[in-house]
Amino acid sequence: MRRTSVRIAAAAAVLTAALAVTGPGGSALAAAPATTTASGSLAVQEDSTFLQNAASNGILAIALPNATPGFSAATGFSATFPVTGGAANLNGFYGTVQLGGGLLLVNVTNGRTVIFTNLSFNAGQWAVTGVPLGQTTPVKLLDPARPVITAAGATQTLTSSDLEIDAQAASYADTNLATTFFTARQHAGTGVLTFTAGS
């Protein structure tokens with residue numbers, strides 16, 4: 001009698017444990033892993049001399065949604081492009097950080113425009129890239145010269161005191177806007193990229 005009671009108690013314990021793991025219907029109740037999305041931004045501060053020279057040549061650069069344009073009387077025009085994804089090791093010079101928003105270039109003297117979408121920072125190429133509207137091949141737009149890279153926990157930060165126009169961007173913009181304003185390694189401003197990878 002005593003053995004029967006022990007067996008019943010043991011069976012009940014096993015059944016209780018099984019129900020706790022699988023549920024009454026027999027399906028596994030695995031806990032959903034906690035996930036976080038990548039976060040951060042690329043903040044670009046346009047150089048005032050570059051802005052003045054661009055304007056005198058009829059060239060305007062406009063940040064497109066969901067980038068956030070800004071203006072300060074002290075520092076001038078800026079734009080912040082949100083991080084939307086990616087995986088990168090900035091110190092290791094590999095990986096890609098995907099950015100939201102776009103970039104519109106306008107030549108007001110002739111009405112020509114260029115739009116770049118699918119913006120990203122390619123750590124392997126060490127350049128901010130964008131895909132011209134209607135095309136599939138990225139163009140290198142800005143090169144962060146004089147970089148300072150820091151890390152705090154999972155967040156990496158790249159600070160550049162000299163964002164330069166890449167040779168690819170200069171050639172593409174000059175050709176498609178019918179201008180000679182853009183040149184390779186032209187100082188366009190400064191930039192700060194902060195990136196926290198998703199998990």
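Colleague: How many bridges join strand β1 to strand β11, and in which sense do they run?

Modeller: This is a predicted model, to begin with. In it, β1 (residues 39-46) and β11 (residues 187-196) run antiparallel and are joined by eight bridges.

Colleague: What does β10 pair with?

Modeller: β10, residues 155-165, pairs with β11, in the antiparallel sense and over eight bridges.

Colleague: Which residue in β11 stands opposite S41?

Modeller: T194. T194 is also the bridge partner of T157.

Colleague: Changing topic. Where is D174, and is D174 buried or exposed?

Modeller: D174 lies in helix α3, which covers residues 167-177, and D174 is buried.

Colleague: Which backbone nitrogen lies 3.0 Å from a polar atom of the D174 side chain?

Modeller: That of F182. Leaving out residues up to four places away in sequence, D174 touches F182 along with T179, T180 and F181.

Colleague: And the largest nonpolar core, how many residues has it?

Modeller: It has 39 residues. F182 is among those with the most contacts inside it, as are F81, V97, L99, F116, F121 and L193. The largest share of this core, five residues, comes from α3.

Colleague: What does V97 touch?

Modeller: Not counting residues up to four places away in sequence, V97 touches V83, G85, A88, S120, F121, L193 and F195.

Key:
Residues are numbered from 1 along each chain as its sequence is written. This is a predicted model: local features need pLDDT of at least 70, side-chain atom pairs count only at pLDDT 80 or more; totals for chains, interfaces and linings use all residues. Side-chain values use heavy atoms; hydrogens and water are left out. Helices (H or I, at least four residues) and strands (E, at least two) are DSSP runs, numbered from the N terminus. Buried means under 20% relative accessible area, exposed over 50%, partly exposed in between (1.4 Å probe, protein chains only). Lys and Arg count as positive and Asp and Glu as negative; His and the chain ends are not counted. A salt bridge is a side-chain nitrogen of Lys or Arg within 4 Å of a carboxyl oxygen of Asp or Glu. A polar contact is a pair of N or O atoms within 3.5 Å; within protein, one must be able to donate a hydrogen and the other to accept it, and residues adjacent in sequence count only if both atoms are side-chain atoms. Contact means heavy atoms within 4.5 Å. Two strands pair if DSSP finds at least two bridges between them. A nonpolar core is a set of buried Ala, Val, Leu, Ile, Met, Phe, Trp, Tyr and Cys residues joined through side-chain atoms within 4.5 Å.
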